[in-house]
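Have the viewer open and follow along.

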Amino acid sequence: MKIFSSTQIREWDVFTIQEQGLSSHELMERAARTCFEWMKKRFLREDYFYIFCGTGNNGGDGLALTRLLLAEGFCAKAFLLQEKELTIDTQKNVVLLRKVSSESLFIIEKEISIIDIPKNAIVIDALFGTGLNRALNGLAKEIIEKINLLPNKKIAIDIPSGLFPDKLPNADDACFSSDWTLSFQTYKRSFFYPEAAKYTGVINVLDIGLSKDFSESNETTFFTLDEVTARSLYKPRNPFGHKGTYGTAVLVGGSYGKIGAIILSAKAALRAGAGKVFIQAPHCGYTIAQTSIPEAMFIAAGENFIDSIDIMEDVVRGIGPGLGTEPASRIALESFLRNNHEPFVIDADGLNIIAKNKEKLLPLIPEGSIITPHPKEFERLFGRTNNSLERNELAIAKSKEHKIYIILKGHRTQICTPEGACYFNLSGNAGMATAGSGDVLTGIITGLLAQGYSAKEATLLGVYLHGLSGDIAAKKNAQEALIASDIIDLLGQAFLRISPE
Ligand SMILES: NC(=O)C1=CN([C@@H]2O[C@H](COP(=O)(O)OP(=O)(O)OC[C@H]3O[C@@H](n4cnc5c(N)ncnc54)[C@H](OP(=O)(O)O)[C@@H]3O)[C@@H](O)[C@H]2O)[C@@H](O)CC1
Ligand SMILES: [K+]
């Protein structure tokens with residue numbers, strides 16, 4: 001799904017009105033009705049709605065929603081913060097609401113404290129939408145700060161008031177803290193950064209019928225990585241294929257005390273469908289590897305730490321899990337980087353070794369390689385930023401500069417491509433913040449590359465499947481009980497979900 005800027009969202013609105021021969025009022029009515037249908041499915045007639053509306057079109061949505069709720073027998077009151085002139089469609093909705101029930105509309109002129117919000121009321125935020133252009137102050141700020149202290153259920157229409165679609169709020173800005181956000185047609189970019197995401201609650205994207213032609217023909221560099229994307233990337237296996245068809249993955253890593261990491265990667269590569277898998281690890285891991293994964297072959301390199309990395313032909317490598325940063329392993333990776341020109345996957349200690357000598361080693365990473373840092377590893381490689389949006393922009397710039405794929409791991413993992421695109425992953429959960437989860441991701445991506453998926457395909461499909469498998473695991477068990485091996489074990493279920501019936 002494409003993610004558009006606030007300017008594009010406005011153009012989308014105008015385009016839709018022209019294309020579908022609608023009035024802007026009719027589009028607002030459609031948006032409000034879509035919110036109403038969402039609420040109707042979740043709430044009971046005895047629930048009470050307190051709907052706070054602003055002067056812009058977001059407020060118009062709130063007023064129309066109040067009218068629709070009242071018409072279906074729900075209890076609802078609208079509170080209009082009338083600090084300036086209303087937009088034409090919002091004015092129309094004031095008139096329409098007054099016609100249905102004049103006693104359900106209240107104008108807030110000062111003191112929010114006079115409004116007594118009952119404990120069981122559901123509070124709806126229709127104060128500001130995508131038209132917000134500065135931080136909130138005055139009465140709007142006061143209202144939001146007071147509501148945020150209440151234990152009531154809270155729902156934001158389109159975007160929580162105080163948040164901007166394309167930038168982050170400052171730490172002391174007032175933003176409506178919602179349990180649900182009903183975002184029209186697509187996600188807003190800011191929803192993917194923790195500084196803003198803490199206000200959105202669960203995001204539900206509601207289809208309000210904005211023009212498909214517009215979304216297909218307008219360019220953006222931001223996308224969600226979702227089930228539709230994953231399905232489009234999946235390639236069914238050839239019934240005549242043999243293990244040679246599906247390539248050879250070599251997972252390089254492990255050290256004394258960290259052999260488990262490379263075992264997890266190798267198992268994940270096998271489960272991801274690689275034809276053959278080699279583990280290149282120090283000799284101390286030999287028995288462990290051969291007993292825990294009989295399907296994989298073993299290449300010894302060093303006694304307790306890797307001291308060389310073989311350059312083999314026609315294989316795909318994933319390097320780094322459990323590698324350690326011993327001098328011998330550092331020298332081995334440096335020498336490999338100087339002599340190898342094939343793209344590969346680099347993770348964990350592989351990245352830490354590069355970070356220690358980044359001026360020299362970063363330029364040696366072959367174009368088209370995939371690096372999978374978590375935020376701390378990213379910082380070691382590319383430096384600090386002030387917030388997560390700036391980190392995202394730096395990752396996009398570095399992907400372009402080095403012509404590599406950067407997978408910045410975290411909740412809403414970001415995938416930055418050499419062409420300057422950024423995908424935000426929608427699968428995955430907090431249970432996956434557990435030791436070995438990253439090693440599994442390295443293995444999955446290496447396994448997909450071995451089968452002939454391109455770097456872009458393997459990166460996107462791998463990240464999505466990894467998260468989806470984690471989601472399936474978390475449903476079977478609690479997030480707390482999720483361990484990295486579960487992600488490997490359930491990878492097959494994740495494949496089944498995204499493959500044709
Ligand atoms: N996209 C779609 O297709 C559809 C969109 N729809 C809805 O429209 C919404 C966007 O509507 P919108 O453009 O009228 O903006 P919205 O945020 O309601 O009001 C902004 C107003 O507030 C003002 N203002 C700004 N910052 C301020 C501040 N800090 N403190 C105080 N005032 C501030 C600013 O004026 P200013 O003061 O700058 O002159 C402006 O007057 C969108 O989110 C969705 O809900 C649906 O109805 C139909 C389909
Ligand atoms: K809002």
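This is a predicted model: local features need pLDDT of at least 70, side-chain atom pairs count only at pLDDT 80 or more; totals for chains, interfaces and linings use all residues.

H14 itself runs over residues 375-382, and its buried residues are Glu-377, Phe-378 and Phe-382. Look down the helix axis and these buried residues fall within an arc of 110°, so they line one face of H14. Just after H14 comes Gly-383, with a positive phi of about 100°.

Zooming out, the chain has 19 helices and 17 strands. Its C-alpha trace spans about 80 × 45 × 40 Å along the principal axes. Of its 501 residues, 49% count as buried. If you take contacts between residues at least 6 apart in sequence, 73% of them join residues at least 24 apart.

The chain splits into domain 1 (6-220) and domain 2 (230-235 + 247-498). Their C-alpha centres sit 41 Å apart. Six residues from domain 1 and five residues from domain 2 make the contact. From an unreviewed UniProt entry comes the label "domain: YjeF C-terminal" for residues 226-498. Over that stretch the chain is 46% helix and 12% strand, and the end C-alpha atoms are 10 Å apart.

Now for the core. The largest nonpolar core holds 147 residues, and the members touching the most others are Ile-51, Phe-52, Cys-53, Ile-124 and Ala-269. Helix H17 (residues 455-476) supplies the largest share of this core, eleven residues. Both domain 1 (6-220) and domain 2 (230-235 + 247-498) give residues to this core, so it lies between them. Take Ile-124 as an example: leaving aside neighbours within four places in sequence, its contacts include Phe-49, Tyr-50, Ile-51 and Phe-52, as well as Ile-155 and Ile-157. Gly-62 and Leu-65 are also in contact with Ile-124.

Which residues does the UniProt annotation "binding site" cover? The unreviewed entry lists Asn-58, Asp-125 and Ser-161. They span 104 residues in sequence, yet no two of their C-alpha atoms are more than 9.5 Å apart, so they gather at one spot. Here are two of them side by side:

| Residue | Burial | Other C-beta atoms within 10 Å |
|---|---|---|
| Asp-125 | buried | 30 C-beta atoms |
| Ser-161 | buried | 28 C-beta atoms |

As for where they sit, Asp-125 belongs to strand S4 (residues 121-126), whereas Ser-161 is in the loop between strand S5 (154-157) and strand S6 (180-184). Skipping residues up to four places away in sequence, Ser-161 touches Asp-125, Leu-127, Phe-128, Leu-136, Ile-144, Cys-175 and Phe-176. With neighbours within four places likewise left out, Asp-125 is in contact with Ser-161, Pro-160 and Phe-52, among others. The contacts of Asp-125 also include Lys-154, Ile-155, Ala-156 and Ile-157, along with Phe-176 and Ser-178.

Conventions:
Residues are numbered from 1 along each chain as its sequence is written. Chains are lettered from A and ligands numbered from 1 in the order in which they are written. A residue is buried if 20 or more other C-beta atoms lie within 10 Å of its own, exposed if 12 or fewer, and partly exposed in between; C-beta atoms are placed from the backbone. Helices (H or I, at least four residues) and strands (E, at least two) are DSSP runs, numbered from the N terminus. The arc is that of the directions from the helix axis to the C-beta atoms. A nonpolar core is a set of buried Ala, Val, Leu, Ile, Met, Phe, Trp, Tyr and Cys residues joined through C-beta atoms within 7 Å. Domain bounds come from an automatic or database domain assignment. Two residues are in contact if their C-beta atoms, placed from the backbone, lie within 7 Å. UniProt positions are given in the numbering used here, feature names are shortened, and annotations may be inferred rather than shown by experiment.
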